[in-house]
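Here is a short briefing on one protein chain. Look over the sequence and the model first.

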Amino acid sequence: MLSQLCFHYVGKRFQGEILKISEKFQEILADDLHDYYVNEMRKSNYGSRMAQMMRINNLIQKEVYKHREKMDLARIFEVFCVEVSHPDLFL
């Protein structure tokens with residue numbers, strides 16, 4: 001789940017060749033996940049679990065976007081100054 005979030009973010013932010021590479025990594029992860037569920041777990045129908053994981057990832061992405069909007073407004077209007085440990089998340 002975390003790798004999907006990271007590759008999606010990087011691809012969306014940097015575009016071009018990096019987007020292609022991140023999409024390729026996501027395809028590889030999806031294939032590996034499918035093999036795991038089908039061959040290791042012996043579950044051919046894992047759609048509900050996948051939907052739950054994607055719902056969690058979407059909630060995380062919404063929260064990041066919400067905080068990014070607030071940070072952009074704060075910078076524009078110079079409302080406050082905050083130092084964060086990972087400023088790239090808010091650009």
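The points below cover fold, overall shape, surface and charge.

This is a predicted model, in which local features need pLDDT of at least 70, side-chain atom pairs count only at pLDDT 80 or more, and totals for chains, interfaces and linings use all residues. Residues are numbered from 1 along each chain as its sequence is written, and side-chain values use heavy atoms, with hydrogens and water left out.

**Fold**
- The chain holds three helices and zero strands, where helices (H or I, at least four residues) and strands (E, at least two) are DSSP runs numbered from the N terminus.
- In sequence order the pattern is α-α-α.
- Helix H2 covers residues 16–40, 25 residues in total.
- From first C-alpha to last, H2 reaches 35 Å, close to the expected 36 Å (1.5 Å times one less than its number of residues).

**Overall shape**
- The radius of gyration, taken over C-alpha atoms, is 17 Å.
- A compact globule of 91 residues would have a value near 12 Å, by the rule of 2.2 Å times the number of residues to the power 0.38.
- The C-alpha trace spans about 55 × 30 × 20 Å along its principal axes.

**Burial and contacts**
- Buried residues make up 12% of the 91 (buried means under 20% relative accessible area, 1.4 Å probe, protein chains only).
- Of the contacts (heavy atoms within 4.5 Å) with a separation of 6 or more, 35% join residues 24 or more positions apart.

**Charge**
- The chain has 13 positive and 13 negative charges, with mean positions 7 Å apart.
- Lys and Arg count as positive, Asp and Glu as negative; His and the chain ends are not counted.
- Each charge is placed at NZ of Lys, CZ of Arg, CG of Asp or CD of Glu.

Conventions
Buried means under 20% relative accessible area, exposed over 50%, partly exposed in between (1.4 Å probe, protein chains only).
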